[in-house]
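Reader: Hi! Could you walk me through this one? I'd like to start with the loops and then move to the core.

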Amino acid sequence: GALRYAQRYGATIAEGDVEFTKNGYAVMLHDKTLDRTTDCTGRVADKTFAELRTCAPASVVPQLLFWLREAKSLGLSVNVEIRNGITDHQMEVVRRTIVAEAPDDVVVASWYPEPLEMAKAALGDRVRVAPIIGPTGSPFGYKVAEHAAQFDLILADYRWMIVDRMHWYADAGVAVWLWTANTDAAITRC
């Protein structure tokens, strides 16, 4: 599917957001609801995994397990975004799945500190944890020096991470990955 297509055209990293079904399956879907990308409606969290399998196209909501397995088979690194509100049990599902199936290069990213702290505690050196910085900075107020002290990677929206700020992170030894295309309008500007 999409990972194979992206890899064929030069992608080296796959990014996806983790959502959880009503019966605890970790799936990869950007939206919290099914309305925009499938013929089903409603929140992912209100559906069982079996109910998701009835949505068309079924490939739009892959299980984290199979998404990681596919990325690994294609030689892709992965960036797994975890949203705020993840439970200890859900983090354990993510941990077990990453340990069993993920490629060697795994980044766990979030806009929020709690999921990053949970990922670091659960996965240690198996992953890099990365805060996401948008056009208005970090929603939890990290400063450059705090990034340098806590993280070895930052994900930054190119609209915010202008070139003259890059040296702050480089001087502190922190790598920055820029992202550019998360809407149709952004894709046309890339």
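Author: Happy to. A quick definition for what follows: helices and strands here are DSSP runs, helices of at least four residues and strands of at least two, numbered from the N terminus. Also, this is a predicted model.

Reader: Good to know. Where is G173 found, then?

Author: G173 sits in the loop that links α7 (163-171) and β7 (175-179).

Reader: And is G173 buried or exposed?

Author: Exposed. Its relative accessibility is 59%, and the cut-off for exposed is over 50%, so G173 counts as such.

Reader: What separates the C-alpha atoms of G173 and F151?

Author: A distance of 9.5 Å, with the two residues 22 apart along the chain.

Reader: Thanks. Switching to strands: which ones pair with β1?

Author: Strand β3 (residues 77-81) pairs with β1 in the parallel sense, over 5 bridges, and E15 stands opposite N79 there. Strand β2 (residues 26-28) pairs with β1 in the antiparallel sense, over 3 bridges, with E19 opposite V27.

Reader: What's in the turn between β1 and β2?

Author: β1 and β2 make a hairpin with 5 residues between them, and G24 in the turn has a positive phi of about 90°.

Reader: How many residues of β1 are buried?

Author: 6 of its 8, so β1 (residues 13-20) is mostly covered.

Reader: Okay, on to α3. Which residues are buried there?

Author: In α3 (residues 64-73), L64, W67, L68 and A71 are buried. Viewed down the axis of α3, the buried residues fall within an arc of 95°, so they line one face of the helix.

Reader: Why would that spacing work?

Author: An α-helix has 3.6 residues a turn, so residues three or four places apart point the same way.

Reader: And what covers the buried residues of α3?

Author: The cover includes α1 (2-8), β1, β2, β3 and α4 (88-101). Just after α3, by the way, G75 takes a positive phi of about 75°.

Reader: Now the core. Which residues touch the most other members of the largest nonpolar one?

Author: W67, L68, V78, V94, I98 and V108, out of 30 residues in that core. β1, β2, α3, β3, α4, β4 (106-110) and α5 (113-123) each supply at least two of its residues.

Reader: What does V78 touch?

Author: Leaving out residues up to four places away in sequence, V78 touches A14, W67, L68, A71, P103, D105, V106 and V107.

Key. Residues are numbered from 1 along each chain as its sequence is written. This is a predicted model: local features need pLDDT of at least 70, side-chain atom pairs count only at pLDDT 80 or more; totals for chains, interfaces and linings use all residues. Side-chain values use heavy atoms; hydrogens and water are left out. Buried means under 20% relative accessible area, exposed over 50%, partly exposed in between (1.4 Å probe, protein chains only). Two strands pair if DSSP finds at least two bridges between them. The arc is that of the directions from the helix axis to the C-beta atoms. Contact means heavy atoms within 4.5 Å. A nonpolar core is a set of buried Ala, Val, Leu, Ile, Met, Phe, Trp, Tyr and Cys residues joined through side-chain atoms within 4.5 Å.
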